[in-house]
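Subject: Structure for you to look at

Dear colleague,

I am passing on the structure below and would be grateful if you could read my notes beside it.

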Amino acid sequence: MIQIINWFSMVIGLIPLNRQQSETNFIVDYAMMYIVPVLYIACYLLINLSHVFGLCFLDACNSVCKLSNHLFMHLGAFLYLTITLMSLYRRKDFFLQFDERLNVIDADVQKCQRLAEMNKVKVTAVKHSVIYHFTWLFLFCVFTFALYYDVRSLYLTFGHFAFIPFMVSSFPYLAGSIIQGEFIYHVSVISQRFEQINTLFEKINQEARHRHAPLTVFDIESEGKKERKTITPITSMDGRTKFGIEHKLAGEMKRQVGQQKNDDDKMDTSNDEDEDDFDYDNATIAENTGTTSEANLPDLFKLHDKILSLSVITNGEFGPQCVPYMAACFVVSIFGIFLETKVNFIVGGKSRLLDYMTYLYVIWSFTTMVVAYIVLRLCCNANNHSKQSAMIVHEIMQKKPAFMLSNDLFYNKMKSFTLQFLHWEGFFQFNGIGLFALDYTFIFSTVSAATSYLIVLLQFDMTAILRNEGLMS
């Protein structure tokens, strides 16, 4: 489905033709991104200057119909021109950078999966793909119905020239929704990568719960300080896992050897919590004879940072385009409710053009709200999956597994990861250039604002206007 959207985006000039190739012809790549906006501006000026093909300039269109059509047309012009200018800015650079970083992340994830012997990751991916394709199919059906209704109504009014009013009526909202569809796809890719590394974190968590390696007995001083001794390798671990751990952590362990001699006065708080979980004076742990995956921890921490940086560049590309789209969705929804309750309920069926404008507002308000909800839902899912990684790591720390107690470097790495994520959570979140956060709180704020506007709009008495237009006796 995403391939269909990409091809459609290329045809209407929203993305470059060869977006994943750096060495291509500039004119060929960006030809449609300049031709389609010029065509739109030509149709827009033709309607507003010639007063020929515009719905609002027909004799059968009353004052309410003209007001509705003017608002819908000019709001669409604001939406389309804004997203087009933003699409021309670093559009191809974003696709190249995103694909390059994503390939690096996928290679690291596959390496960690081979080490952890994860055979159930494919099952999770299949379940997620069903929901993914169902969402795209639902969006395709909604847009098909909206376009069919608009094209059919315009063809009955303008005949073969219906293309001209269509370019200034539904086309801007279609283009804006397709841009949001691109945003939905990229956020879903990021969310999938978070799910994959969370699966690997969870496997380490399960091993910490059911499997243990032999522990080095620690001497606890009277002040609650732990005496630091030379770290001995876990002899019962699999040779491949032990070599992987030592190979990744040897450099940092050497740097900490000198520091450990001068850090005896520092308090190690890792044993202050849940002291009843382990008896350090009588540490007798069952030996682990299976394959463990804690060697993935350093790579998983780096993977998490890479995916977060991928989220930042994705939000920087599509976040500004969310602002005009959400604004257009807000205005169309409010005015659609106003027309449906104050006009269509009273004089519905007496004017074909007025009914067309009313239903057009209702259809596109529903369509844009569905797209906006999916954007918010996927952004929330991506944020929740990133938080889940920190929660799983913190849960592993609370269990005090053998590999963490026998090697201080593991504990320091996990503690630094959870602390770093606390700072990162306050620094970044999917947002619209800082104006609003793309999460479920945005729904509450927009509903509150829409309620205030509707209270004012619904107090207008439309009977005198409708009577003057001959729609009421």
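In what follows, a residue is called buried when its relative accessible area is under 20%, exposed when it is over 50%, and partly exposed in between, with a 1.4 Å probe and protein chains only. The model is a predicted one, in which local features need pLDDT of at least 70 and side-chain atom pairs count only at pLDDT 80 or more, while totals for chains, interfaces and linings use all residues. Residues are numbered from 1 along each chain as its sequence is written, and side-chain values use heavy atoms, with hydrogens and water left out.

To begin with the cysteines, C322 counts as buried because its relative accessibility is 0%, and C379 is likewise buried at a relative accessible area of 0%. A disulfide is taken here as a pair of cysteine sulfur atoms within 2.5 Å, and a search of the whole structure finds one. That disulfide joins C61 to C65, with an S to S distance of 2.4 Å; the link is left-handed, with -105 degrees about the S-S bond, and both C61 and C65 are buried. C322, by contrast, is in no disulfide, because the sulfur of C379 and its closest cysteine sulfur, in C322, are 6.9 Å apart, too far for a bond.

The unreviewed UniProt entry lists several stretches as "transmembrane region", among them 322-339 and 359-379; its positions are given in the numbering used here, feature names are shortened, and annotations may be inferred rather than shown by experiment. In the model, residues 322-339 are 100% helix and 0% strand, with the end C-alpha atoms 25 Å apart, and residues 359-379 are also 100% helix and 0% strand, with the end C-alpha atoms 30 Å apart. Helices (H or I, at least four residues) and strands (E, at least two) are DSSP runs, numbered from the N terminus.

Contact means heavy atoms within 4.5 Å, and W364, not counting residues up to four places away in sequence, touches F72, F143 and V332, among others.

Finally, R91 lies in helix 4, residues 91-116, and is buried, with a relative accessible area of 0%. Beyond its neighbours within four places in sequence, the contacts of R91 include E317, F318 and Q321.
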